[in-house]
Amino acid sequence: MKKATKIISSTSIAFILAACGGGSDGPHETVSAESCFDIATYSPGSAIQQKYEDTRSSPPGRSLSISIASTNATFNGKSDLLAYEEMRSPTEYLPMGFGSSLQTSYLSPITEKELTTHGKESEFAAAQLKSFEKVIYTPAWTDKKFKLKQGESLKYSIAGNSTTSSISSPIPVSKDISTEIEVVFEGKNAVAIGSRSVTACRFNYSTHREWIYKGILIKMDDGTGKTILTTEELTRNGQPY
(Lines give C-alpha, C1' and ligand atoms only; values in the text may rest on other atoms or scores of the structure.)
Protein backbone atom coordinates (compact mmCIF):
# COMPACT_ATOMS: atom_id res chain seq x y z
CA MET A 1 0.00 0.00 0.00
CA LYS A 2 1.52 3.28 -1.09
CA LYS A 3 0.12 6.77 -1.11
CA ALA A 4 1.33 10.34 -1.23
CA THR A 5 0.90 12.66 1.70
CA LYS A 6 2.32 15.88 3.14
CA ILE A 7 3.70 16.38 6.63
CA ILE A 8 4.94 19.30 8.69
CA SER A 9 8.58 18.80 9.63
CA SER A 10 11.55 20.95 10.54
CA THR A 11 13.86 19.15 8.11
CA SER A 12 15.25 20.00 4.70
CA ILE A 13 17.12 19.17 1.54
CA ALA A 14 17.00 22.53 -0.23
CA PHE A 15 17.87 25.86 1.32
CA ILE A 16 17.34 29.50 0.40
CA LEU A 17 18.69 32.26 2.65
CA ALA A 18 16.81 35.53 2.69
CA ALA A 19 17.74 38.60 4.74
CA CYS A 20 14.65 39.83 6.56
CA GLY A 21 16.22 42.25 8.98
CA GLY A 22 19.18 42.57 11.27
CA GLY A 23 20.51 42.90 14.75
CA SER A 24 23.84 42.98 16.51
CA ASP A 25 25.62 42.04 19.69
CA GLY A 26 27.54 45.31 19.35
CA PRO A 27 28.02 48.19 16.93
CA HIS A 28 29.71 46.03 14.27
CA GLU A 29 28.82 42.43 15.20
CA THR A 30 25.79 40.67 13.70
CA VAL A 31 23.96 38.23 15.97
CA SER A 32 24.57 34.66 14.76
CA ALA A 33 22.89 31.38 15.69
CA GLU A 34 26.22 29.50 15.66
CA SER A 35 26.75 29.68 19.43
CA CYS A 36 23.49 27.75 19.97
CA PHE A 37 25.02 24.65 18.38
CA ASP A 38 27.49 22.44 20.28
CA ILE A 39 29.20 19.54 18.56
CA ALA A 40 29.59 17.92 22.01
CA THR A 41 25.86 17.15 21.91
CA TYR A 42 26.55 14.89 18.92
CA SER A 43 29.73 13.32 20.32
CA PRO A 44 30.09 9.96 22.13
CA GLY A 45 30.01 10.07 25.91
CA SER A 46 27.55 10.00 28.77
CA ALA A 47 23.90 10.52 27.89
CA ILE A 48 22.40 13.99 28.19
CA GLN A 49 19.41 13.97 30.53
CA GLN A 50 16.57 16.46 30.09
CA LYS A 51 13.53 16.90 32.30
CA TYR A 52 10.84 19.07 30.78
CA GLU A 53 7.16 19.94 30.96
CA ASP A 54 4.86 19.84 27.95
CA THR A 55 1.51 21.47 28.67
CA ARG A 56 -0.08 19.63 25.74
CA SER A 57 0.18 16.40 27.75
CA SER A 58 -1.34 15.29 31.04
CA PRO A 59 0.52 14.98 33.30
CA PRO A 60 2.97 17.41 31.65
CA GLY A 61 6.19 16.02 33.17
CA ARG A 62 8.49 14.24 30.69
CA SER A 63 12.09 13.07 30.46
CA LEU A 64 14.46 12.73 27.50
CA SER A 65 17.77 10.88 27.28
CA ILE A 66 20.08 11.82 24.37
CA SER A 67 23.09 9.70 23.41
CA ILE A 68 25.27 8.57 20.51
CA ALA A 69 24.69 4.84 20.23
CA SER A 70 27.27 4.34 17.48
CA THR A 71 29.76 6.30 15.38
CA ASN A 72 29.91 3.71 12.59
CA ALA A 73 26.25 2.82 12.07
CA THR A 74 24.82 1.66 8.73
CA PHE A 75 21.45 2.84 7.43
CA ASN A 76 19.87 2.22 4.03
CA GLY A 77 23.23 1.09 2.60
CA LYS A 78 25.13 4.11 3.93
CA SER A 79 27.89 3.34 6.45
CA ASP A 80 29.99 5.27 8.99
CA LEU A 81 27.01 7.25 10.27
CA LEU A 82 26.26 8.60 13.74
CA ALA A 83 23.33 6.89 15.47
CA TYR A 84 21.75 9.70 17.52
CA GLU A 85 19.30 8.23 20.03
CA GLU A 86 16.47 10.02 21.82
CA MET A 87 14.58 8.07 24.49
CA ARG A 88 11.42 9.76 25.82
CA SER A 89 9.20 8.73 28.73
CA PRO A 90 6.44 8.68 29.62
CA THR A 91 4.60 9.00 26.32
CA GLU A 92 0.81 8.88 26.04
CA TYR A 93 -0.82 6.11 24.00
CA LEU A 94 -4.50 6.53 24.68
CA PRO A 95 -6.47 4.44 25.51
CA MET A 96 -3.54 2.12 26.31
CA GLY A 97 -1.97 4.48 28.86
CA PHE A 98 1.65 5.60 29.07
CA GLY A 99 4.77 4.14 27.52
CA SER A 100 8.08 5.20 26.01
CA SER A 101 9.53 6.03 22.62
CA LEU A 102 12.97 5.55 21.12
CA GLN A 103 14.01 7.44 18.01
CA THR A 104 17.35 6.85 16.28
CA SER A 105 18.42 9.40 13.67
CA TYR A 106 21.26 8.53 11.30
CA LEU A 107 23.58 11.51 10.71
CA SER A 108 26.64 12.10 8.59
CA PRO A 109 29.83 12.81 10.59
CA ILE A 110 29.58 16.41 11.81
CA THR A 111 32.39 18.75 10.81
CA GLU A 112 30.52 22.08 10.77
CA LYS A 113 27.49 23.65 12.44
CA GLU A 114 25.05 21.70 10.29
CA LEU A 115 23.37 18.30 10.49
CA THR A 116 22.84 15.95 7.52
CA THR A 117 20.21 13.30 8.27
CA HIS A 118 19.73 10.20 6.12
CA GLY A 119 16.72 8.84 7.96
CA LYS A 120 15.41 7.62 11.28
CA GLU A 121 13.93 4.60 13.00
CA SER A 122 11.33 4.95 15.77
CA GLU A 123 9.87 2.49 18.25
CA PHE A 124 6.85 3.21 20.45
CA ALA A 125 5.82 0.91 23.30
CA ALA A 126 2.97 0.95 25.84
CA ALA A 127 1.32 -2.00 27.58
CA GLN A 128 0.61 -4.55 24.79
CA LEU A 129 1.00 -1.93 22.08
CA LYS A 130 4.22 -1.67 20.08
CA SER A 131 4.68 0.14 16.79
CA PHE A 132 7.58 0.95 14.49
CA GLU A 133 8.41 3.54 11.86
CA LYS A 134 11.30 3.84 9.41
CA VAL A 135 11.82 7.04 7.45
CA ILE A 136 14.27 7.30 4.55
CA TYR A 137 15.04 10.78 3.21
CA THR A 138 15.78 10.99 -0.52
CA PRO A 139 18.10 12.72 -0.73
CA ALA A 140 19.48 13.21 2.78
CA TRP A 141 18.63 16.69 4.09
CA THR A 142 21.01 19.15 5.72
CA ASP A 143 19.82 21.45 8.51
CA LYS A 144 21.75 24.73 8.25
CA LYS A 145 19.74 26.95 10.58
CA PHE A 146 22.72 27.42 12.90
CA LYS A 147 24.45 29.38 10.12
CA LEU A 148 21.71 32.02 10.09
CA LYS A 149 22.23 35.61 11.17
CA GLN A 150 19.51 37.45 13.06
CA GLY A 151 16.63 38.31 10.74
CA GLU A 152 17.61 35.77 8.07
CA SER A 153 15.21 33.07 7.00
CA LEU A 154 15.67 29.59 5.63
CA LYS A 155 13.24 27.96 3.22
CA TYR A 156 13.57 24.23 2.89
CA SER A 157 11.84 21.07 1.80
CA ILE A 158 12.06 17.38 2.52
CA ALA A 159 11.08 14.29 0.57
CA GLY A 160 11.26 10.62 1.34
CA ASN A 161 9.34 7.55 2.39
CA SER A 162 7.84 6.39 5.69
CA THR A 163 7.10 2.75 6.50
CA THR A 164 5.09 1.84 9.62
CA SER A 165 4.06 -1.40 11.27
CA SER A 166 2.95 -2.67 14.67
CA ILE A 167 2.48 -5.90 16.59
CA SER A 168 -1.27 -5.78 15.92
CA SER A 169 -0.76 -4.78 12.25
CA PRO A 170 2.51 -6.44 11.19
CA ILE A 171 2.08 -5.79 7.46
CA PRO A 172 4.17 -2.68 6.65
CA VAL A 173 2.36 0.39 5.32
CA SER A 174 4.42 2.71 3.14
CA LYS A 175 3.73 6.31 2.16
CA ASP A 176 5.65 9.09 0.44
CA ILE A 177 6.34 12.24 2.44
CA SER A 178 7.11 15.76 1.30
CA THR A 179 6.81 19.20 2.81
CA GLU A 180 8.11 22.74 2.62
CA ILE A 181 8.63 25.08 5.53
CA GLU A 182 10.32 28.36 6.42
CA VAL A 183 12.15 29.28 9.61
CA VAL A 184 13.34 32.71 10.74
CA PHE A 185 16.15 33.27 13.24
CA GLU A 186 14.70 36.02 15.42
CA GLY A 187 17.57 36.42 17.88
CA LYS A 188 18.70 35.25 21.30
CA ASN A 189 17.02 35.22 24.71
CA ALA A 190 17.87 34.31 28.28
CA VAL A 191 15.90 31.13 29.06
CA ALA A 192 15.50 29.52 32.46
CA ILE A 193 16.47 25.89 33.01
CA GLY A 194 15.39 25.31 36.58
CA SER A 195 17.20 27.87 38.72
CA ARG A 196 19.85 28.76 36.12
CA SER A 197 19.67 30.87 32.99
CA VAL A 198 21.18 30.12 29.57
CA THR A 199 21.29 31.99 26.27
CA ALA A 200 19.19 30.29 23.59
CA CYS A 201 18.42 31.01 19.93
CA ARG A 202 14.81 31.76 19.02
CA PHE A 203 13.54 30.29 15.73
CA ASN A 204 10.09 31.11 14.33
CA TYR A 205 8.33 28.45 12.22
CA SER A 206 5.10 30.55 11.92
CA THR A 207 3.09 27.71 13.56
CA HIS A 208 5.32 27.78 16.66
CA ARG A 209 8.62 29.10 17.99
CA GLU A 210 11.54 27.08 19.33
CA TRP A 211 14.37 28.06 21.66
CA ILE A 212 17.52 26.02 21.00
CA TYR A 213 20.50 25.66 23.36
CA LYS A 214 23.51 23.48 22.45
CA GLY A 215 21.41 22.02 19.63
CA ILE A 216 18.65 20.95 22.05
CA LEU A 217 15.06 22.20 22.16
CA ILE A 218 14.59 23.70 25.64
CA LYS A 219 11.50 25.87 25.16
CA MET A 220 8.57 26.15 22.75
CA ASP A 221 5.52 28.35 22.32
CA ASP A 222 2.44 28.01 20.15
CA GLY A 223 3.24 30.99 17.93
CA THR A 224 1.00 33.37 19.89
CA GLY A 225 3.34 33.72 22.86
CA LYS A 226 1.76 30.94 24.96
CA THR A 227 4.53 28.68 26.31
CA ILE A 228 3.87 24.97 25.77
CA LEU A 229 7.25 23.43 26.65
CA THR A 230 9.81 24.36 29.30
CA THR A 231 12.94 22.61 30.58
CA GLU A 232 13.34 21.97 34.30
CA GLU A 233 16.73 20.24 34.21
CA LEU A 234 19.48 19.54 31.65
CA THR A 235 22.50 17.52 32.79
CA ARG A 236 25.39 15.34 31.63
CA ASN A 237 27.45 13.25 34.02
CA GLY A 238 25.28 14.69 36.80
CA GLN A 239 26.45 18.24 36.02
CA PRO A 240 24.53 21.11 34.38
CA TYR A 241 24.89 20.88 30.61
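1. Buried means under 20% relative accessible area, exposed over 50%, and partly exposed in between (1.4 Å probe, protein chains only). Tryptophan 141 is buried because its relative accessibility is 7%; tyrosine 137, at 8%, is buried too.

2. The model is predicted: local features need pLDDT of at least 70, side-chain atom pairs count only at pLDDT 80 or more, and totals for chains, interfaces and linings use all residues. Residues are numbered from 1 along each chain as its sequence is written, and side-chain values use heavy atoms, with hydrogens and water left out.

3. Tyrosine 137 and tryptophan 141 form an edge-to-face pair, 5.9 Å centre to centre with 75° between the planes. Phe37, Tyr42, Tyr84, Phe146, Phe185 and Phe203 form one aromatic cluster.

4. The charged end of lysine 219 sits over the ring of tryptophan 211, 4.6 Å from its centre (the criterion is NZ of Lys or CZ of Arg within 6 Å of the ring centre and within 35 degrees of the ring normal). Lysine 145 lies over the face of phenylalanine 203, 5.9 Å from the ring centre.

5. The structure has 9 salt bridges (a side-chain nitrogen of Lys or Arg within 4 Å of a carboxyl oxygen of Asp or Glu). One of them joins arginine 209 and aspartate 221 at 2.9 Å, N to O. Aspartate 221 is buried, with a relative accessible area of 1%. A network of salt bridges links Glu186, Arg202, Arg209 and Asp221.

How values were computed
Rings of Phe, Tyr and Trp (its six-membered ring) pair if their centres lie within 6.5 Å; planes under 30 degrees apart count as stacked, over 60 as edge-to-face and the rest as tilted.
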